[in-house]
Amino acid sequence: MEFKNANELLALCEEKNLPVSEIMRIREIEFGETTSEIVNKKMTRVLEIMKDAAFSPIRQPIKSMGGLIGGEARKLSLHAQEKRGLCGELLQKAVTYAMATLETNASMGLIVASPTAGSAGIVPGLLLAMQEHYDFSDEEIIQVLFNASAIGYLAMRNATVAGAVGGCQAEVGVASAMAASAAVELMGGTPKECTFAASTVLMNMLGLVCDPVGGLVEYPCQNRNAAGVANALIAAEMALAGIPQLISLDEMIQTMFTVGKKIPAELRETAMGGCAVTQSACEACHICR
Amino acid sequence: MSFISAFDVMGPNMIGPSSSHTAGAARISYLAQKMIEGPLKRADFILYGSFAKTYHGHGTDRALLGGIMGFSTDDMRIRNSFDIAHEKDLKFSFTPNEQETDIHPNTVDICMENEKGQKMTVRGESLGGGKVRIVKINHVQVDFTGEYSAVIVIHQDTPGVVAYITKCLSDRNINIAFMRLFREGKGDIAYTIVESDGKLPENIVPAIRENPNIHEVMIVQM
């Protein structure tokens with residue numbers, strides 16, 4: 001069961017009457033020459049790592065290797081306990097878990113690159129927050145992680161997920177598109193709505209540059225993971241409300257790639273432009289050395 | 001195009017912070033140590049490009065050292081690899097080389113020496129997303145990714161050796177996915193790298209080694 005683009009994926013969903021996640025899961029079993037039990041076991045491990053990475057910095061904040069981040073998730077969590085949060089419980093938790101995951105990553109903890117280490121907070125951030133808020137089972141979350149994988153696979157196959165090639169839009173942008181699509185399926189949306197949500201995210205994050213301070217996966221990466229979950233949530237909400245998108249997911253993946261290649265090298269993970277060359281960044285970087 | 005798995009997207013499971021600078025680095029040295037008989041007594045790392053500039057903040061050094069001790073990309077011991085290497089009495093060094101720029105930005109040379117005094121230098125490139133490529137073994141340009149189980153044979157460049165290797169494989173019903181031959185010069189030392197879909201039987205090593213024109217056989221399991 002192979003699909004090369006979102007159009008073929010939607011045709012398969014329609015023909016087999018299956019959700020995006022199940023098409024991706026069957027594809028994995030077929031082409032990976034493995035069994036349903038093995039792929040489920042591997043995805044169970046993915047969820048387990050995601051939970052540890054998202055929860056542990058809230059209890060035990062650690063300073064990052066480069067010293068630029070650490071402790072943000074705990075602050076957000078304490079702020080929420082004061083009941084003065086602006087975002088509402090779901091988004092507040094999603095942002096906390098996304099930032100926490102980047103703290104774990106930046107302090108040499110164990111994470112799942114989803115699709116990359118620098119964007120590893122978004123998929124778990126949103127899905128773990130939804131699990132708590134709506135009481136979804138682990139099995140339901142594991143199933144929609146295959147949905148997220150399908151969107152990431154399409155971007156990897158037809159464009160890029162490397163910041164060095166396509167900028168942050170290819171990392172955080174794609175991760176947010178993956179999270180949005182998975183969120184739509186989790187809430188009972190159709191495959192088409194999943195692709196609308198993913199397409200919306202890529203549109204809204206189009207052109208985002210990759211300009212890490214000191215060349216490290218810390219800052220502004222962690223902030224952008226927080227922004228990514230918010231973008232994913234907005235796009236999923238729109239799709240679930242029945243708002244269609246003029247531009248298809250396939251077109252947006254292609255557009256993201258085209259725009260990415262036009263981003264100058266200074267703004268593609270080289271730390272030679274954008275936030276990385278601000279005076280504050282250069283001073284902080286000097287300190288961390 | 002090779003198969004992109006759901007776990008290439010949702011993965012690798014890795015010690016952060018960077019799939020190219022941490023996970024990829026660990027993966028390169030993990031593959032490198034598979035090519036020489038252990039235990040190692042010394043490993044020297046020369047870092048190029050972005051590796052040379054940002055290796056400390058990305059934990060590239062800890063990851064390289066962890067990989068050389070056989071730790072996989074998701075092994076928590078990577079964090080403490082310096083202490084573990086000291087305990088094992090493994091000597092190591094890291095040298096950034098910022099002069100050489102005509103090279104893939106995330107490149108490392110790993111010079112290894114085992115307790116028997118055998119030496120080997122391996123050059124690896126980290127391609128992003130945890131994917132890597134070994135591009136040089138000693139002075140010979142090679143190309144393999146470690147995504148498949150591989151047999152690496154160092155032999156004399158002489159007729160019949162490759163036929164002998166493939167016969168050893170076919171006798172054990174091993175299907176060859178890719179096979180490449182590299183040599184230092186005509187009649188000189190040559191390297192045959194055979195990649196296979198499944199796990200390779202360990203007894204393939206002594207079987208291939210029986211041929212007098214074969215100097216060394218190494219196996220890198222997927």
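Q: Leaving aside its neighbours within four places in sequence, which residues is L267(A) in contact with?
A: Contact here means heavy atoms within 4.5 Å, and, once neighbours within four places in sequence are set aside, L267(A) is in contact with G167(A), V209(A), C210(A), G273(A) and G274(A). L267(A) itself lies in the loop between α12 and α13 (279-288) of chain A, where helices (H or I, at least four residues) and strands (E, at least two) are DSSP runs, numbered from the N terminus. This is a predicted model, in which local features need pLDDT of at least 70 and side-chain atom pairs count only at pLDDT 80 or more, while totals for chains, interfaces and linings use all residues. Residues are numbered from 1 along each chain as its sequence is written, chains are lettered from A and ligands numbered from 1 in the order in which they are written, and side-chain values use heavy atoms, with hydrogens and water left out.

Q: How far apart are the C-alpha atoms of L267(A) and T195(A)?
A: The two C-alpha atoms are separated by 28 Å, and L267(A) and T195(A) are 72 residues apart along the chain. Another pair to read in this way is L68(A) and G228(A), which are 160 residues apart in sequence and 20 Å apart in space, C-alpha to C-alpha. L68(A) is placed in the loop between α3 (36-59) and α4 (72-81) of chain A, and, not counting residues up to four places away in sequence, L68(A) touches V213(A), E218(A), Y219(A) and A284(A).

Q: Is S119(A) buried or exposed?
A: Buried means under 20% relative accessible area, exposed means over 50%, and partly exposed is in between (1.4 Å probe, protein chains only). S119(A) has a relative accessible area of 0%, and therefore counts as buried. This residue is found in the loop between β1 (110-112) and α6 of chain A, and its contacts, apart from neighbours within four places in sequence, are S114(A), E171(A), V172(A), A175(A) and N225(A).

Q: What does the side chain of S21(A) make a polar contact with?
A: A polar contact is a pair of N or O atoms within 3.5 Å; within protein, one must be able to donate a hydrogen and the other to accept it, and residues adjacent in sequence count only if both atoms are side-chain atoms. In this case the partner of the S21(A) side chain is the side chain of Q143(A), at 2.9 Å. S21(A) belongs to helix α2 of chain A and is buried, with a relative accessible area of 0%. Beyond its neighbours within four places in sequence, S21(A) is in contact with Q143(A), V144(A), F146(A), N147(A) and E185(A).

Q: Which residues of helix α1 (residues 6-16) of chain A are buried?
A: They are A6(A), L9(A), L10(A), L12(A) and C13(A). Seen down the axis of α1(A), these buried residues fall within an arc of 160°, so they line one face of the helix; the arc is that of the directions from the helix axis to the C-beta atoms. On the other side of α1(A), N7(A), E14(A) and E15(A) are exposed, whereas the cover over the buried residues includes α2 (20-31), α7 (138-158), α10 (191-204) and α12 (249-262) of chain A. At the start of α1(A), a side-chain oxygen of N5(A) comes to within 3.2 Å of the backbone nitrogen of N7(A).

Q: Which residues does a cis peptide bond with omega of about 10° join?
A: That cis bond joins G11(B) and P12(B), and P12(B) is found in the loop between α1 (6-9) and β1 (13-15) of chain B. The peptide bond from G38(B) to P39(B) is also cis, with omega near -5°, and P39(B) is in the loop between α2 (19-34) and β2 (40-48) of chain B.
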